[in-house]
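Me: Could you walk me through this structure slowly? I'm new to this and would like to ask things as we go.

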Amino acid sequence: MDDVIIIGGSFAGLAAALQLGRTRRKVTVLDTGLPRNRFAGHSHGLLGHDHKPPLEILAEARQQLERYPTIRLVNAQADSISGSIDNFSVLTRDGQSFGARRLILSYGVVDQMPNVPGFAENWGSSIVPCPYCDGFEVADQHWGLVWSGPQSHNYVRLYHDWTDTLTVFADGHEIPPDVLADLARRNITVVDGRVVEITHTEGRTATVYLDSHRNVTVDILFAHPRNKPSVSLHESLGLATVDTPFGIAVKVDERRETSIPGIYAAGDLANPLMASVTTAISQGAVAGISAQQSMLV
């Protein structure tokens, strides 16, 4: 039996494995090799790895984990979980069975792309969600924002640190009069109508087509589609969750433990605030250390 099974081997899961491996705990990482940011050409804001492809960073991390004999990386998808603290059992889709005293869930989320031609195809290139990840490279250019709800008003204020040229696409939302007045005060153009297509032309440039037969070209388009956990293990376990403007997140305490003793969660799956590689690594490290300390005698 392992000390810990980690379900999800992206940044949070590997960070947890590293901490556990260094304490000589026996750990198995189950991973499908489909990290959320695989569509991004580069990862930004990660100290020591700024502007490197995320898949390259992950490959280097896996290679570094090879020096720890108690870490095992398995290419498999967890299909079900049973048992309780000190005696969990994980069954994979291909029929493998693993047992462990503790579990760390770090299988992340998937973005739910709207049914708009060109959106999914341009996701991660000309359409992005995070200014901290991609804003520096397009600073002082013409940005676009697809309005998604009340939280979008805060994005407008946030983007001001990178650009003074912003076009808001209402996309069928009724923006309150006081918010429209604030946008006008900031000299921000608001374009009515629903987005019906997005095309990519040159570099990051995106052209947004509207049902009003109008089209607008911006240098970068920011959008925030809702997301959902990549698998439903947390539901079958009955873990407590919190609802966020972007989707469901698993609820954890300050040590990353979920509502079920012995099960921890880290990364986008349990991050209701801001998803980033840096926060995922930090949360994964805390989850790994917390799981290890919970087994001390």
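Reply: What follows is a chat about rings, cores, a pocket and a few loop residues.

Me: What should I know before we start?

Reply: This is a predicted model, in which local features need pLDDT of at least 70 and side-chain atom pairs count only at pLDDT 80 or more, while totals for chains, interfaces and linings use all residues. Residues are numbered from 1 along each chain as its sequence is written, and side-chain values use heavy atoms, with hydrogens and water left out.

Me: How many aromatic pairs are there?

Reply: A search of the whole structure gives seven, where rings of Phe, Tyr and Trp (its six-membered ring) pair if their centres lie within 6.5 Å, and planes under 30 degrees apart count as stacked, over 60 as edge-to-face and the rest as tilted. One of them is the stacked pair of Trp143 and Trp162, at 6.2 Å centre to centre with 25° between the planes.

Me: Which parts does the pair of Trp143 and Trp162 tie together?

Reply: Trp143 lies in strand S9 (residues 143-146) and Trp162 in the loop between helix H5 (151-159) and strand S10 (166-169), so the pair ties together parts that are 19 residues apart in sequence. Helices (H or I, at least four residues) and strands (E, at least two) are DSSP runs, numbered from the N terminus.

Me: Is Trp143 buried or exposed?

Reply: Trp143 is buried, with a relative accessible area of 0%, and Trp162 is buried as well, at 15%. Buried means under 20% relative accessible area, exposed over 50%, and partly exposed in between (1.4 Å probe, protein chains only).

Me: What about Tyr159 and Phe222?

Reply: Tyr159 and Phe222 form a tilted pair, 5.0 Å centre to centre with 40° between the planes. This pair links distant parts of the chain, with Tyr159 in helix H5 and Phe222 in strand S15 (residues 220-222), 63 residues apart. Both Tyr159 and Phe222 are buried, and ring pairs link Tyr132, Trp143, Tyr155, Tyr159, Trp162 and Phe222 into a cluster.

Me: New topic: which residues have the most contacts inside the largest nonpolar core?

Reply: They are Val4, Ile6 and Ile104, in a core of 24 residues. A nonpolar core is a set of buried Ala, Val, Leu, Ile, Met, Phe, Trp, Tyr and Cys residues joined through side-chain atoms within 4.5 Å. The largest share of this core, six residues, comes from H1.

Me: And the second largest pocket, what is its volume?

Reply: The second largest pocket has a volume of about 330 Å³. On a 1 Å grid over the protein atoms alone, a pocket is an open set of points with protein on both sides within 12 Å along at least five of seven lines, where a 1.4 Å probe fits, and lining residues have an atom within 4 Å of a point. Grid points are joined across faces, edges and corners, and a volume is the space filled by probe spheres set on the points.

Me: Which residues are closest to its centre?

Reply: Of the 15 lining residues, the closest to the centre of the second largest pocket are Ala15, Leu18, Ala61, Gln64 and Ile281. H2 gives the largest share of the lining, six residues.

Me: Last one: where is His213?

Reply: His213 sits in the loop between strand S13 (206-210) and strand S14 (215-218), and at 79% relative accessibility it counts as exposed. His213 has a positive phi of about 70° although it is not a glycine.
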